[in-house]
Amino acid sequence: MRYSLPPLNSFKAFECVARHMSFAKATNELGLTPSALSYQIKMLEDQLQAQLFTRLNRAIELTSAGHQLLPGVEAGLENFSEAVARIKGLDQDKVLVISTGPGTASKVIAPRIYRFMEAYPEIELRISANLKLVDFYKDDVDLGLRFGRGPYPGLHIDVLAEDFLTPMCAPRLAKEMREPADLKNFTLLHEDSMATFLNAPGWKEWLKTAGVSKASWSEKGMHFSQIDHAQDAAIEGAGVILGRKVLCAHDARLGLSTNPFDFEISATAHYMLVGLESSFQKHKCKAFIEWIKAELDELCLS
């Protein structure tokens, strides 16, 4: 049975407000005046004969009716988008866009991407390497491969693997080390993006766990904003990085870097895929999920 539906713009307005949980942010995104946006929501509520938002002092929240409506509206808008793309000759199921950090892109995906291409030649994989947060409703991105703890409100999350921290350096430097305390004689390389995690472990924590409790020198050394830059510096012999095991596995396999001490601590963060729940059901995304899980499992065992 078909029902008379409200205008599409009212559904777009509802989805935008629900996503931001803010009328002000929705007006900016949609380019509407506050009164025009309120009119769209009021028109939708009148036709549905149900209140969709509860207005609080400084916030809003979805009512029970709003929660029931939102999944269908999200799926409907995405179906509209895909239908339009097909008409324009853009087969969205053949182009897969993955957003990830530069380090993961260069040290995990790039060296192994040929395997994905061989397994799924019909899918064109595009990697967007940056650290900015993705708006999956506006940006042309299917999934985000992230290293962190979350949470990612409103998004589906698939936790893939944990990572561990261990010293890594050029083989010639490793030959000069006998015990963890020897690290005081070398330049320590710091990757500052880990500092964005609350209580993230670093050199101080690794040294303490390794039995070096009084290491006032643990904060000294060179600092990098990108982990792949720090890893490259370590490969060239600039110092020793407290590297992520997964990200260092490729360089270690090539003999470019090595672990002078067979001891590691948890990075207290995970690799995870994030995105709209509907994206995880697409063939191209399922293919990438299966592939990246297998690759990370192999790297974790390296």
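Cys-16 is buried, because its relative accessibility is 0% and the cut-off for buried is under 20%. This comes from a predicted model, and the chain contains zero disulfides by the distance rule used here. Take Cys-300 as an example: the nearest cysteine sulfur belongs to Cys-248 and is 13 Å away, so Cys-300 is in no disulfide, given that the two sulfur atoms would have to lie within 2.5 Å. A disulfide, after all, is a covalent bond between the sulfur atoms of two cysteines.

| Residue | Relative accessibility | Class |
|---|---|---|
| Cys-16 | 0% | buried |
| His-190 | 9% | buried |
| Cys-300 | 26% | partly exposed |

Now let's visit His-190, which sits in strand β7, residues 188-191.

Helix α5, spanning residues 102-109, is mostly covered, with six of its eight residues buried. The buried ones are Gly-103, Thr-104, Ala-105, Lys-107, Val-108 and Ile-109.

How far can you trust the picture? The mean pLDDT of the chain is 88, and 95% of the residues score at least 70. Confidence is highest in helix α7 (residues 171-174), with a mean of 95, and lowest in helix α4 (residues 64-87), with a mean of 82.

Key:
Residues are numbered from 1 along each chain as its sequence is written. This is a predicted model: local features need pLDDT of at least 70, side-chain atom pairs count only at pLDDT 80 or more; totals for chains, interfaces and linings use all residues. Side-chain values use heavy atoms; hydrogens and water are left out. pLDDT is the predictor's confidence in each residue, from 0 to 100. Helices (H or I, at least four residues) and strands (E, at least two) are DSSP runs, numbered from the N terminus. Buried means under 20% relative accessible area, exposed over 50%, partly exposed in between (1.4 Å probe, protein chains only).
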